[in-house]
Amino acid sequence: MGDQKRHKILMVSDFFYPNFGGVENHIYYLSQCLLKLSHKVVVLTHAYGNRSGVRYMTGGLKVYYIPWKPFLMQNTLPTFYGTLPIMRTILIREKITLVHGHQAFSTLCHEALMHARTMGYKVVFTDHSLYGFADVGSIHMNKVLQFTLADVSQAICVSHTSKENTVLRSGLPPEKVFVIPNAVDTAMFRPAPEKLSQDEIVIVVISRLVYRKGADLLVEVIPEVCRLFPNDLVRFIVGGDGPKRVRLEEMREKNSLQDRVEMLGVVPHARVQSVLISGHIFLNSSLTEAFCIAILEAASCGLLTVSTRVGGVPEVLPNDMIVLAEPDPSDMVRAITKAISILPKIDPQVMHLRMKKLYSWHDVAKRTEIVYDRALGCPNQNLIDRLSRYLPCGSWAGKLFCLVMIIDFLFCRLLQLWQPIEDIEEASDFSLPNSQCSEFKEGGSLRSRRVSS
């Protein structure tokens, strides 16, 4: 790939390895595939414990763990301008051409996009979640998102439902929002070598045990399913932890289901596949999802999925690979009963091969590459033109946003006088041959991540 087409991308989010989750996996796998496409990718996140400074991961992926500690739910404390000096240095030092922020709930993402636009960089934002419109938290988050996306070059959502949600919350023109779904590492998530016996049906749940993930639904659904299928015909394996675990433990004790409901607690990501292949059905009880990667992982392991019909979940799998239900206990019990009846028709190996064709991180990277090209093709704008985008955000909020951006602009000019670009040493590009990047070859997976000490 010629230099004129080679992008130098800075991925920014509060959520990254060693933390595990959908956003973390998305950034990691997307970065690895972009590296294989000969782009330069650098990740910027906050420090995790004693993990700070610069680290290198599989395939030569460079990660900056800046010395900011998480404040709430792995998010850094909002500072508006406190991160500008270090972000400016990284952007110049790494010769970045485009900044890609992830997750609306990430403070670091919002600040990075703001500073990058002040410095004249093109920015892309990916929204991974759905938010409401009525509660206090969502109202405030939507206003922050409106501020950030007012001057974004392009945006990406992981489902069509997520796109509608983001456009409504931010006021972003729909033509600037692209839909690019997540994918799954099918080399890591393989079915069991032999099809499991169906003398005992095992239903697997792997999720954070919180309200949003529908843990309260599980409390009502599990006893009813066990009642409908007596004599140990159905057994549950529940992996995950959270504040709602106590309710599940109480339900198990109350209904004397200790032999039929196994509580695993926290399941390390490297062990998820081994837990999944011990079951026949994967149960997702989420109350809201933009795109559920856990469903892809389960389907790739050959499990039939039963899920609530919420958010972008209906877009994830074909109808013959998933049974959908309303987020209501009786309807979920009906869906599980239906799934058990069609289990004999399910071939895990065939399902795995279908998932290989349906979802590929390489395809995600190629489509994201197109969005980057579109973003870099957007015209450059001066400060006055950019401020005009913030004024429609609200009679008072618009003026406040303009003031924030003016101060950011002045602070950036002050840093330019204090530390001119010429005084910042540029880092040498480091990359491995494609043959070294085994992440997406047979056997390559998140398990094989290596981080330099």
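**Pockets and cavities in the model**

Reader: What is the volume of the second largest pocket?

Author: The second largest pocket has a volume of about 560 Å³. This is a predicted model, in which local features need pLDDT of at least 70 and side-chain atom pairs count only at pLDDT 80 or more, while totals for chains, interfaces and linings use all residues. Residues are numbered from 1 along each chain as its sequence is written, and side-chain values use heavy atoms, with hydrogens and water left out.

Reader: How is a pocket told from a cavity?

Author: On a 1 Å grid over the protein atoms alone, a cavity is a set of points where a 1.4 Å probe fits but cannot get out; a pocket is an open set with protein on both sides within 12 Å along at least five of seven lines, and lining residues have an atom within 4 Å of a point. Points are joined across faces, edges and corners, and the volume is the space filled by probe spheres set on them. Here, 22 residues line the second largest pocket, and P78, F80, T107, H110 and V144 lie nearest its centre.

Reader: Which element gives the largest share of that pocket's lining?

Author: Helices (H or I, at least four residues) and strands (E, at least two) are DSSP runs numbered from the N terminus. Helix 4 gives the largest share of the lining of the second largest pocket, six residues.

Reader: How does the lining of the second largest pocket divide by class?

Author: Ala, Val, Leu, Ile, Met, Phe, Trp, Tyr, Cys and Pro count as nonpolar, Asp, Glu, Lys and Arg as charged, and the others, Gly among them, as polar. That lining has 13 nonpolar, eight polar and one charged.

Reader: Which residues lie nearest the centre of the largest pocket?

Author: They are G21, G22, R208, R212 and K213, out of 47 lining residues. The largest pocket has a volume of about 1,600 Å³, and helix 1 (22-36) supplies the largest share of its lining, four residues.

Reader: How many cavities of 30 Å³ or more are there?

Author: There are five. The largest has a volume of about 160 Å³; L196, G279, H280, G302 and P348 are the closest to its centre among its 15 lining residues. The second largest cavity, of about 60 Å³, has H110 and Y390 among its lining residues.

Reader: Where does pLDDT stay under 50?

Author: pLDDT is the predictor's confidence in each residue, from 0 to 100. It stays under 50 over residues 435-439 and over residues 442-453. Where pLDDT is low, the predicted coordinates should not be read in detail. The chain's mean pLDDT is 90.

Key
Contact = heavy atoms within 4.5 Å.
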